[in-house]
Amino acid sequence: MRSYQIQDIRDFTKKLLIQETFDTFLLSEASITTFAAFHIDGSFHPEYLHDAETEMSAPERHGYTLWKRVRPFFFDLTRGKNTPLNFHIVFRLAPHNVETLLAQSGIALRPEDVDGLFLNIHFDGTVLTCVSGTSLRIFSLDKSLEHTWDSMLEKFFHQKQIPFC
């Protein structure tokens with residue numbers, strides 16, 4: 001687990017809420033406080049979809065919705081002249097990306113051993129931090145997955161030009 005303090009909050013929130021930067025992540029949950037507190041459960045409910053245009057994507061078959069579906073609604077909650085009092089978003093890496101990460105890194109875990117690789121984003125009104133997290137379905141003292149996930153997030157931040165410390 002590693003904590004990253006985001007240096008340019010305005011640019012980060014633009015990438016988070018307006019651009020497609022985080023669209024491939026699954027949403028576990030989100031909350032935001034503006035004039036009221038709102039909580040979003042990222043559980044995916046395919047029975048709601050009625051037409052072929054809005055079919056569920058492969059990652060959503062694992063029970064969570066993609067951020068790109070929720071992003072416009074979350075953005076609407078932030079619109080206005082006032083900055084949100086706070087928000088918290090928990091992303092999880094899509095299972096096929098977990099499988100790819102394991103294969104590329106040579107980590108001796110099976111994809112079904114990994115419960116999730118998480119990116120927690122928290123804005124407290126003045127400071128925006130991102131915290132990585134891992135969850136395994138098995139007991140292991142090996143921290144190689146955690147270190148690999150941290151390294152992948154750092155590369156992602158550099159690639160997307162997100163400065164952090």
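# A first look at the protein chain

The mean positions of the 16 positive and 21 negative charges of the protein chain lie 5 Å apart. Welcome to this structure, which is a predicted model. The chain holds 4 helices and 7 strands, and along the sequence they come in the pattern β-α-β-β-β-α-β-α-β-β-α. The radius of gyration is 16 Å, close to the 15 Å that the globule rule gives for 165 residues, so the chain is as compact as a globular protein of that length.

**The chain as a whole**

- If you picture the C-alpha trace along its principal axes, it spans about 50 × 45 × 25 Å.
- Of the 165 residues in the chain, 38% are buried.
- The accessible surface of the chain amounts to about 9600 Å², and carbon and sulfur atoms account for 52% of that surface.
- Take the contacts between residues at least 6 apart in sequence: 68% of these contacts join residues at least 24 apart.

- Just after α3 comes G106, which takes a positive phi of about 75 degrees.

- T78 belongs to helix α2, which runs over residues 67-78.
- With a relative accessible area of 14%, T78 falls under the 20% cut-off, so T78 is buried.
- Setting aside residues up to four places away in sequence, T78 touches L17, I32 and P84.
- L85 sits in the loop between α2 and β5 (86-92).
- The relative accessible area of L85 is 54%, over the 50% cut-off, so L85 is exposed.
- Even so, L85 has contacts beyond its neighbours within four places in sequence: T33, T34, D124 and G125.
- L85 and I6 are 79 residues apart along the chain, and their C-alpha atoms are separated by 17 Å.

- L26 lies in strand β2, which is made of residues 26-33.
- L26 is buried, its relative accessible area being 1%.
- Between the C-alpha atoms of L26 and G42 the separation is 7.7 Å, and the two residues are 16 residues apart along the chain.
- T21 has its place in the loop between α1 (9-17) and β2.
- T21 counts as buried, at 12% relative accessibility.
- Apart from neighbours within four places in sequence, T21 is in contact with K15, F156 and K160.
- T21 and L119 are 98 residues apart in sequence, and their C-alpha atoms are 13 Å apart in space.

**Helix α4 and the segment after it**

- E146 is a residue of helix α4.
- Not counting residues up to four places away in sequence, E146 touches M1 and T134.
- Q161 follows in the segment after α4.
- Although Q161 is not a glycine, it has a positive phi of about 55 degrees.
- Q161 is exposed, with a relative accessible area of 61%.

Terms used. Residues are numbered from 1 along each chain as its sequence is written. This is a predicted model: local features need pLDDT of at least 70, side-chain atom pairs count only at pLDDT 80 or more; totals for chains, interfaces and linings use all residues. Side-chain values use heavy atoms; hydrogens and water are left out. Helices (H or I, at least four residues) and strands (E, at least two) are DSSP runs, numbered from the N terminus. The radius of gyration is taken over C-alpha atoms; the globule rule is 2.2 Å times the number of residues to the power 0.38. Buried means under 20% relative accessible area, exposed over 50%, partly exposed in between (1.4 Å probe, protein chains only). Contact means heavy atoms within 4.5 Å. Accessible areas come from the Shrake-Rupley method with a 1.4 Å probe; for residues, only the protein chains shown count as cover. Lys and Arg count as positive and Asp and Glu as negative; His and the chain ends are not counted. The place of a charge is taken as NZ of Lys, CZ of Arg, CG of Asp or CD of Glu.
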